[in-house]
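Student: I would like a close look at a single part of this model. Please take the pocket and its surroundings.

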Amino acid sequence: MKPYVTCTLIHPDDHDGKPPKRKTSAYKQHKLGFLHKGPNPPVTEPIWDEVLEWDYEENEMVFLRILIKSDDSWARNPMFAVAAVRLSYVAQGWSFIRMLDLKGRETHCSLLVKFDVEDVA
């Protein structure tokens, strides 16, 4: 399993039907942990230290859809969990995002995400 996070910005003014999407790199646990510097958690508890950015016009109906997928060669990017965050309600700083399964039920999965939303005038 090589999990990664993909985020799609859903904006009501997006008329071309191609919402902007960003993704992290696939997380792979290092087999030789003693040669690796820094944290080396198992693939069930991955750590991504990446920044995903968007420019968008402010609107109360802007959502960020978050998917956890796996970059497996034997499957076509299977999805494990999903969440949607309304950006007008998001608090600045660190937040835990509870993830749901693909049928909308709660999972034991959550993401720790840092939101930095700023006005560009």
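Student: How many residues line the largest pocket, and which of them lie nearest its centre?

Tutor: A caution comes before the numbers: this is a predicted model. The lining of the largest pocket counts 44 residues. Nearest the centre lie L52, L64, V113, K114 and F115. The volume of this pocket is about 1600 Å³.

As for where they come from, β6 gives the largest share, eight residues. At least two lining residues come from each of β1, β3, β4, β5 and β6.

Next, the nonpolar core. The largest one has 17 residues. Those that touch the most other members are L64, I66, I97, M99, L111 and F115. Each of five strands supplies at least two residues of this core: β1 (3–10), β3 (63–70), β4 (79–86), β5 (93–100) and β6 (106–115). These strands also each give at least two residues to the pocket lining.

Take F115 in detail. Set aside its neighbours within four places in sequence. F115 then contacts L64, V85, L87, V90, A91, Q92, G93, S95 and I97.

Now step back to the chain. It has zero helices and six strands. Read from the N terminus, the order is β-β-β-β-β-β. Of its 121 residues, 27% count as buried. Among contacts with a separation of 6 or more, 44% join residues 24 or more positions apart. The accessible surface comes to about 9100 Å². Carbon and sulfur atoms hold 53% of that area.

For contrast, consider E45. This residue sits in the loop between β2 (21–23) and β3. Its relative accessibility is 54%, so E45 counts as exposed; the cut-off is over 50%. Y27 is 18 residues from E45 in sequence. In space, the two are 9.7 Å apart, C-alpha to C-alpha.

Note on methods:
Residues numbered from 1 in each chain as written. Predicted model: local features only at pLDDT ≥ 70, side-chain atom pairs only at ≥ 80, totals over all residues. Heavy atoms only, no water. Core = buried A, V, L, I, M, F, W, Y, C linked by side-chain atoms within 4.5 Å. Buried < 20%, exposed > 50% of the residue type's maximum accessible area, 1.4 Å probe, protein only. Helix = DSSP H or I, 4+ residues; strand = E, 2+ residues; numbered from the N terminus. Contact = heavy atoms within 4.5 Å. 1 Å grid on protein atoms, 1.4 Å probe; cavity = no way out; pocket = protein on both sides within 12 Å on 5 of 7 lines; lining within 4 Å. Points joined across faces, edges and corners; volume = space filled by probe spheres on them. Areas by Shrake-Rupley, 256 points an atom, 1.4 Å probe, with all protein chains shown as cover.
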